[in-house]
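Take a look at the model below.

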Amino acid sequence: MILYLLQKYVIHSAVFFAALVIFPLGFSDNTGYVLVRGFFFGGLLGAGYTFYDFRKRNLWPLYDNLRVPKYLLLCLFFAGFQSLYLVIKPFI
Amino acid sequence: MPQLSILDGAWLKAEAGRVTAIIGRNGSGKSTLMKVAAGQIKAMAGITIIDGERLHGRSLQKRFRNIGYLPQDSMLPPDIKVKRLIKSLPDPEKLMDDPLIQKIRHQKTIQLSGGEKRYLETAILFHLNRKYILLDEPFTGVEPSIIDLLIQKIRKEARSGKGILLTDHMHRYISEVADTGYLLHNRQCYDLGGGFSGELKKMGYHR
């Protein structure tokens, strides 16, 4: 179930990231800044939306039953999402 | 801001090895009481005591060491296969041996009927081996043959020493399986004691 949560987090964050990066890149020559901002806010909005989506679909009780620490996992996923910038940095 | 008081001074006690039922009309606060006990919502006042440990806040990690909670609405992700879901549990082979689960294991949860979903959720909770299980409407929308299986499971788990707290509108089944019960009325809990089927008939809860 942790992988399921990760999968949803990545999808949501990627959508927010794309929305926050593709449009501003056309108007800015500072690619690094736009990407860092995109990863930060994309990851943050992704975590918030994933939490909201799971609450709306009543999935959190299953995670509570399995004793999966949801807040900690979302924080870790957010941190992991930020580290993606370090991975792509040599190529920009 | 408008406020609605759902429960006021309500209390109940569920013991290990016994099935305790909560009976009440629609909107009487049964599910709210379950949610408070499971830490899904925080009561404005009051505490939950689990085996002497007093829990004031939601304290999910502490609560779920001892309890399993079946919410009124399905808690299963719709786009996941039953097999994958079960593999994420400890000791999944044991659960896979269940005949009904074997039948549905290659299906996605969205493809399951309401009864199969309810059975799977209940089986997962019992499999987690918690001391107390809270079941919010486990029989609603479930066909009688699956209800019989659920009743057998509930009885077996209670005999093995687990405390079961359940609520449902299927009063005939509830009075069949429960050792003791409480009536939730006017935001308060009233102890019905054991063998409360006659009491419920008198009050018009079932014929």
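Contact means heavy atoms within 4.5 Å. Keep that in mind for the packing described here. The model is a predicted one.

Start with helix H2 of chain A, which covers residues 31–56. H2(A) has 26 residues. From its first C-alpha to its last, H2(A) reaches 36 Å, close to the 38 Å expected at 1.5 Å a residue.

Which residues of H2(A) are buried? They include Gly32(A), Val34(A), Leu35(A), Gly38(A), Phe39(A), Gly42(A) and Gly43(A). Further along, Gly46(A), Ala47(A), Thr50(A), Asp53(A) and Phe54(A) are buried too. An α-helix has 3.6 residues a turn, so residues three or four places apart point the same way.

Now look at the surface. Phe40(A), Phe41(A), Leu44(A) and Leu45(A) form a nonpolar patch there. Together they have about 350 Å² of accessible area. Leu44(A) sits in H2(A). Its relative accessibility is 44%, so Leu44(A) counts as partly exposed. Just after H2(A) comes Asn58(A), with a positive phi of about 60 degrees.

Move to the cores. The largest nonpolar core has 68 residues. Ile23(B), Leu120(B), Leu135(B), Phe139(B), Ile154(B) and Leu166(B) touch the most other members. Take Ile154(B). Leaving aside neighbours within four places in sequence, Ile154(B) is in contact with Val19(B), Phe126(B), Leu135(B), Phe139(B), Ile164(B), Leu166(B) and Val177(B).

Definitions and conventions. Residues are numbered from 1 along each chain as its sequence is written. Chains are lettered from A and ligands numbered from 1 in the order in which they are written. This is a predicted model: local features need pLDDT of at least 70, side-chain atom pairs count only at pLDDT 80 or more; totals for chains, interfaces and linings use all residues. Side-chain values use heavy atoms; hydrogens and water are left out. Patches are made of residues with over 30% relative accessible area and no salt bridge: like charges are joined within 9 Å, nonpolar side chains (Val, Leu, Ile, Met, Phe, Trp, Tyr) within 5 Å. Accessible areas come from the Shrake-Rupley method with a 1.4 Å probe; for residues, only the protein chains shown count as cover. A salt bridge is a side-chain nitrogen of Lys or Arg within 4 Å of a carboxyl oxygen of Asp or Glu. Helices (H or I, at least four residues) and strands (E, at least two) are DSSP runs, numbered from the N terminus. Buried means under 20% relative accessible area, exposed over 50%, partly exposed in between (1.4 Å probe, protein chains only). A nonpolar core is a set of buried Ala, Val, Leu, Ile, Met, Phe, Trp, Tyr and Cys residues joined through side-chain atoms within 4.5 Å. The expected span of a helix is 1.5 Å times one less than its number of residues.
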